[in-house]
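Look at the model below.

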Amino acid sequence: MTRVLIPTGALGLGYDRAALARGVANGPDIIAVDGGSTDSGPSYLGRGVSKYSRASTKAEWRDLMLARAEAGVPLVIGTAGTCGADAAVDWLYEITVELAAELGQSLRVARLYSGQNAPELTRALAAGQITALPAAPDISADILASCTNIVALAGAEQIQAALATGADIVIAGRTTDTAIIAALPLQNGDHAGAAWHGAKVGECGAIATTNPASGTIQIDFDASGFVMEPLGKTARATPYTVSAHMLYENSDPFILYEPGGHLDVTGAQYTALDDRRVRVGGSVWVPGPYTVKLEGARIAGYQTVALALLRERRYVAAAREWADMVIAETRAKVGARLGLAETDYDIEIRLIGVDATLGALENRRPLPAEVGALGIVTAPTEALSAEIGKFLNPYLLHHALTEDEPMPTFAFPFSPAEMQRGALYEFCLNHVLHVQDPMQAFRLTVTEVKNG
């Protein structure tokens with residue numbers, strides 16, 4: 001049997017310290033925590049930085065390092081620093097070294113790097129070793145070269161290689177969310193289907209319970225299944241909460257693809273052991289070709305934003321008509337004065353309180369008290385984005401619905417009204433790389449951190 005303690009769904013979200021202490025007292029074999037995902041968009045991967053603050057990350061990592069020392073087991077984090085880029089791995093390693101000095105801990109730290117080299121991927125593309133996933137964009141050598149960061153998603157085998165170094169702490173770059181949980185149960189010979197299924201259920205901590213905010217859970221894996229137990233005092237696992245998590249970030253409620261095969265839970269059985277714990281059996285692991293998913297981000301332009309607030313009822317009611325007029329007037333001026341075609345840049349106005357989230361798909365149309373008109377300019381250079389933003393400014397402030405009415409004045413909450421967002425990043429890879437050796441696309445570095 002293998003017991004995995006999962007403190008939270010992601011380092012940086014916070015967790016229940018009392019629940020963590022209960023988990024440590026239960027004698028886990030490993031502590032596994034996720035560090036991020038693509039949920040927050042491409043900018044973090046593009047820039048190679050963490051979404052979460054350094055101070056928050058350090059505070060939460062500190063308690064996990066103390067928990068690891070008390071339990072005497074490895075501590076593993078996947079997708080370090082939100083995006084799993086090499087720079088984010090080094091960022092968390094620096095925090096780890098600082099904390100080790102402050103806590104007087106001597107550690108063996110393994111860093112698993114997931115960053116990819118564009119020229120090598122170009123050769124793999126030419127050799128037919130990269131396959132597009134459904135709805136993937138077209139790629140080329142130029143697109144690969146334009147990426148500021150490309151990562152491959154590590155699976156269980158790469159985490160096992162890191163653990164085999166005898167590391168006290170494993171800081172992994174981009175991994176599948178399940179890999180850090182499934183790795184040790186698989187290594188210990190526990191049921192493969194259960195290892196991957198339990199890892200999927202546990203990837204987000206207590207989300208698969210009645211109290212998602214409680215954070216900490218433990219999963220026991222054995223030769224035929226797994227048991228999921230929340231450690232927060234008010235949290236419960238039920239067959240419903242556990243089975244439903246297969247649909248989380250997964251289009252198929254029965255199949256989950258991972259490096260080297262896929263999980264099939266069609267025949268899984270969920271049994272409540274009591275009012276808190278659920279046992280699951282019947283999951284099947286189906287081996288397949290060994291591939292690792294690639295993610296890449298590149299600069300798609302530069303953005304300037306400006307926000308104006310509309311409160312006059314006539315303008316609130318006609319906000320979309322007004323916004324379309326502002327866009328048209330701005331485009332006309334940009335074309336006349338900068339000589340740019342409309343395809344050379346983009347302007348949009350999102351109406352906060354009306355349709356900013358869903359756009360044309362919005363089907364609820366109550367009249368709000370006020371509307372925020374968020375103008376967004378995207379252009380090939382930062383200077384051009386700023387210049388077009390200045391063209392947009394007077395229209396957001398004063399544009400009238402008709403020619404024969406007094407000039408209106410709307411509210412700018414900031415001065416200057418235009419704000420530079422800098423580079424806009426986009427994901428441009430949704431492909432898998434075929435590898436002969438699971439470590440082929442990854443690198444391991446082991447460091448002895450000495451204190452005392």
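A residue is called buried when its relative accessible area is under 20%, exposed when over 50%, and partly exposed in between (1.4 Å probe, protein chains only). Helices (H or I, at least four residues) and strands (E, at least two) are DSSP runs, numbered from the N terminus. The model is predicted, so local features need pLDDT of at least 70, side-chain atom pairs count only at pLDDT 80 or more, and totals for chains, interfaces and linings use all residues. Residues are numbered from 1 along each chain as its sequence is written, and side-chain values use heavy atoms, with hydrogens and water left out.

**A covered helix**

Helix α8 spans residues 179–187. How many of its nine residues are buried? Seven are, which leaves α8 mostly covered. They are A179, I180, I181, A182, A183, L184 and P185. Contact means heavy atoms within 4.5 Å. The cover over these buried residues includes the strands β1 (2–6), β2 (30–36), β3 (75–82) and β8 (217–221). Helices α7 (156–163) and α9 (192–202) are also among the covering elements. Just after α8 comes G189, with a positive phi of about 85°.

**Aromatic pairs**

Rings of Phe, Tyr and Trp (its six-membered ring) pair if their centres lie within 6.5 Å; planes under 30 degrees apart count as stacked, over 60 as edge-to-face and the rest as tilted. The whole structure holds four such pairs. Two of them are set out here.

| Pair | Centre to centre | Angle of planes | Type |
|---|---|---|---|
| W196 and W285 | 5.1 Å | 20° | stacked |
| F221 and F226 | 6.1 Å | 40° | tilted |

W196 belongs to helix α9 and W285 to strand β14 (residues 284–287). The two are 89 residues apart, so their pair links distant parts of the chain. Both W196 and W285 are buried. F221 is buried too, at a relative accessible area of 0%. F226 is likewise buried, at 0%. Elsewhere, ring pairs join Y315, W322 and F410 into a cluster.

**Charges over rings**

A charge sits over a ring if NZ of Lys or CZ of Arg is within 6 Å of the ring centre and within 35 degrees of the ring normal. R17 lies over the face of Y15, 4.2 Å from the ring centre. R111 has its charged end over the ring of Y93, 3.7 Å from the centre.

Is I143 buried or exposed? I143 counts as buried because its relative accessibility is 17%. This residue lies in helix α6 (residues 141–146). Leaving aside neighbours within four places in sequence, I143 contacts D138, R298 and C428.
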